[in-house]
Amino acid sequence: MTIRLTNKSWDREFIRKVEEISGENFHVCMQCGTCSGSCPMREDLDLSPRKIVLMTHLGLREEVEAANTVWMCASCHKCEAICPRGIDLPKLMEAVRQLMLRDNEDQVDIADIPEEVRV
Ligand code: SF4
Ligand code: SF4
């Protein structure tokens, strides 16, 4: 996967907001991939947890928000428990979800949920 960086793609406000909402310093990630290797949802994610951290670090808001990853994350905290840098990835995922919801961008459409599982 090629990541192209331009002044336009580097969204500093996105980085600042994710830092503020999550309270996490995800910039210390060393891209070891331990989180991705341990994630039970990995097969269903457009971008692995490792890539989400990298792309958030780089301010690639469009790419992060276009992926299903932050919505598919089960918040199981397995990645957090074994991250050598102590990054709480579920908090980062939640921060991105919060930002998207503030912009009314939701990947869950109530109308698409079968009636029997709505209650
Ligand atoms: S386990 Fe931690 S340090 Fe390693 S890639 Fe994942 S977030 Fe980064
Ligand atoms: S918290 Fe999310 S990203 Fe981390 S291992 Fe669990 S499902 Fe994967």
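In which helix do glutamate 94 and arginine 97 both lie, and how many residues apart? In this predicted model, both residues belong to helix H7, at a spacing of three residues, or about one turn of the helix. Their side chains meet in a salt bridge, with an N to O distance of 2.6 Å. Glutamate 94 is partly exposed, because its relative accessible area is 31%. Arginine 97 has a relative accessible area of 14% and therefore counts as buried, the limit being under 20%.

The structure holds five salt bridges. One of them joins arginine 16 to glutamate 13, with the closest N and O atoms 2.8 Å apart. Both residues sit in helix H1, three residues apart, about one turn of the helix. Arginine 16 is partly exposed, at 36% relative accessibility. Glutamate 13 is also partly exposed, at 37%. Another salt bridge pairs arginine 61 with glutamate 65; here the closest N and O atoms are 2.9 Å apart. These two residues lie in helix H4 (residues 61-66), four residues apart, again about one turn of the helix. Both arginine 61 and glutamate 65 are buried. An α-helix has 3.6 residues a turn, so residues three or four places apart point the same way.

Phe14, Ile15, Val18 and Ser22 are buried in H1. Viewed down the helix axis, the buried residues of H1 fall within an arc of 100°, so they line one face. Arg12 and Glu20 are exposed on the other side of H1.

Together with Met1 and Ile3, Leu5 makes a nonpolar surface patch of about 320 Å².

Two ligand shells were examined. The residues around ligand 1 include Cys29, Cys32, Cys35 and Cys83.

Conventions. Residues numbered from 1 in each chain as written. Chains lettered and ligands numbered in written order. Predicted model: local features only at pLDDT ≥ 70, side-chain atom pairs only at ≥ 80, totals over all residues. Heavy atoms only, no water. Patch = residues over 30% accessible without salt bridge, like charges linked within 9 Å, V, L, I, M, F, W, Y side chains within 5 Å. Areas by Shrake-Rupley, 256 points an atom, 1.4 Å probe, with all protein chains shown as cover. Salt bridge = Lys/Arg side-chain N within 4 Å of Asp/Glu carboxyl O. Near = heavy atom within 4 Å. Buried < 20%, exposed > 50% of the residue type's maximum accessible area, 1.4 Å probe, protein only. Arc of directions from axis to C-beta.
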